[in-house]
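Here is a short briefing on one protein chain. Keep the sequence and the 3D view open as you read.

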Amino acid sequence: MPSPPFSRVFSDRIRPGLILACLLLLLPCAAASRAEERVYNGSDPSLLRDMGGLGASFAPSAPFLDKPGNKLSFTGGTMTGAILGGYSSAVGVAIRDNVVSVLGGRVEGQVIGGASLAGDALSNTVSFCGAETKLNILGGISGGNGRAESNRVFFTGGRAGRDVMGGYNVGRGAASANSIAVSGGEIAGDVYSGWSGKGDAFLNSVSITGGRVRGVVWGGFSSDNGNAFNNSVSVSGGRVDGNIIGGLSYNGNAVDNSITLSGNPDLSGAVLYGGFDADFTTENDILTGNTLKIHGFQGTVSGARNFRIYDFRLPDEFDPTRPLLSVAAIPVNLTGARIGFSGTLPENAPRLKPGRIFILIDTVTGTPAKLNAGTLTQGRLRCDVALSVKDGALQAVVTGVWAKQ
């Protein structure tokens with residue numbers, strides 16, 4: 001498939017063939033009945049093992065490599081290889097419940113919670129706190145007919161040199177219910193919660209409360225004939241330099257995805273997409289059910305596209321002299337959209353009166369399908385609000401003020 005115009009997906013970041021080739025060099029595992037816990041602080045080379053193309057890496061010993069529940073902690077030093085919580089190349093073997101914690105130091109290779117080349121990768125976790133990695137961070141990798149499901153990445157500090165992925169399916173299975181939480185640090189590449197090579201990507205989620213993402217943020221990504229649906233991205237802090245996309249599909253549908261904005265993040269350079277069609281055809285559905293929730297955010301974005309539902313809630317510190325959502329570049333097309341509005345103003349704010357106008361989006365085109373009447377409350381006052389598109393803006397007008405009984 002061609003790469004999306006705003007992201008070099010694999011050109012110099014995650015190389016599926018390279019990852020698979022390296023992992024195939026791992027040795028077969030002997031049977032074992034329990035998990036392994038290991039801590040490496042950069043001083044004991046006996047804890048590293050040769051992973052072929054991955055180099056001298058930190059991983060469970062051979063008897064435990066394909067067992068569930070391994071716990072690895074890397075606390076310092078510099079490592080040229082990878083960190084891998086679990087691995088199997090056997091058909092149908094699930095790699096699950098492994099936990100990798102990176103607490104310090106520098107990792108030259110990949111950081112991977114668990115990888116199954118021909119089976120499921122389930123509920124693996126990577127916690128990345130204050131360290132540095134040159135390559136990618138991946139919660140779980142699955143292949144064949146396996147699933148990449150419920151894998152998690154917690155990125156609280158440090159720096160990722162390339163991409164961060166929750167669940168990555170290089171085969172025909174789905175990527176579902178994976179999650180990424182970013183609360184600090186810097187990610188130089190993109191963020192993908194769930195990626196499927198030839199299957200569906202659904203119920204994946206990204207939460208950004210702090211830190212900086214220099215690339216694109218994707219909720220769900222289906223790269224070949226699958227659908228991307230019910231994925232979500234929530235941003236309440238930090239900074240995102242690239243675009244934010246609920247769900248992307250190549251030759252499939254991207255529907256029922258959501259983006260929620262709250263707090264005070266810096267999104268001035270981001271275009272928000274509910275759904276995105278990577279092959280740019282008109283046959284696929286990239287609108288139905290996609291929702292943009294402006295829940296306590298007042299700020300600027302570069303644009304917003306491919307949403308069918310817009311829901312606005314005023315922030316606690318709402319400035320009525322400024323638009324709720326300012327659009328710097330691409331006007332928001334509201335054709336066929338359904339729009340809702342509600343909010344609460346502090347009692348010490350200027351008293352609301354009929355005729356007062358609030359700008360919800362300052363640059364729009366098209367005619368919405370439905371403008372739901374909204375309400376505002378201010379102390380004991382209840383205000384009826386009507387929504388309309390006028391002079392190229394979406395606005396809310398106070399139509400009546402009542403004292404609540």
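Two residues are in contact when heavy atoms of theirs lie within 4.5 Å. Now count the contacts in this protein with a separation of 6 or more: residues 24 or more positions apart account for 75% of them. Keep in mind that the model is predicted.

**Overall build**

- The protein has 44 strands and one helix.
- How does the radius of gyration compare with that of a compact globule? A compact globule of 405 residues would have a value near 22 Å; the protein has 23 Å, so the two agree.
- The C-alpha trace spans about 75 × 45 × 35 Å along the principal axes.

**Surface and charge**

- Of the 405 residues, 53% count as buried.
- The protein exposes about 15,400 Å². Carbon and sulfur atoms supply 49% of that area.
- There are 34 positive and 31 negative charges.

**Nonpolar cores**

- The largest nonpolar core holds 67 residues. Which of them have the most contacts inside it? They are I83, I244, L272 and F312.
- Look at F312 in the 3D view. Leaving out residues up to four places away in sequence, F312 touches I294, L324, I339, G340, F341, S342, L360, I361 and L394.
- A second core is separate and has 25 residues. Among them are L65, Y87, M165 and I245.

- A304 sits in strand β34, which runs over residues 299-305. Is A304 buried or exposed? Its relative accessibility is 1%, and buried means under 20%, so A304 counts as buried.
- A304 has contacts beyond its neighbours within four places in sequence: V271, L272, L292, I330, P331, V332 and N333.
- Take P331 from that list. A304 and P331 are 27 residues apart in sequence, yet their C-alpha atoms are 7.4 Å apart in space.
- Q395 belongs to strand β44, residues 393-403. With a relative accessible area of 9%, Q395 is buried too.
- Set aside the neighbours of Q395 within four places in sequence. Its contacts are then I357, F358, I359, L360, A386, L387, S388 and K390.

**Loop residues**

- D316 lies in the loop between β35 (309-313) and β36 (325-330). Exposed means over 50%. D316 has 63% relative accessibility, so it counts as exposed.
- How far apart are the C-alpha atoms of D316 and T344? They are separated by 7.3 Å, although the two residues are 28 residues apart along the chain.
- D256 is in the loop between β30 (254-255) and β31 (258-261). Its relative accessibility is 36%, so D256 counts as partly exposed.

**Backbone angles to check**

- Most residues other than glycine have a negative phi.
- L203 is placed in the loop between β23 (201-202) and β24 (205-213).

How values were computed:
Residues numbered from 1 in each chain as written. Predicted model: local features only at pLDDT ≥ 70, side-chain atom pairs only at ≥ 80, totals over all residues. Heavy atoms only, no water. Core = buried A, V, L, I, M, F, W, Y, C linked by side-chain atoms within 4.5 Å. Buried < 20%, exposed > 50% of the residue type's maximum accessible area, 1.4 Å probe, protein only. Helix = DSSP H or I, 4+ residues; strand = E, 2+ residues; numbered from the N terminus. Rg over C-alpha atoms; globule rule 2.2 N^0.38 Å. Areas by Shrake-Rupley, 256 points an atom, 1.4 Å probe, with all protein chains shown as cover. Lys, Arg positive; Asp, Glu negative; His and termini not counted. Charge placed at Lys NZ, Arg CZ, Asp CG, Glu CD.
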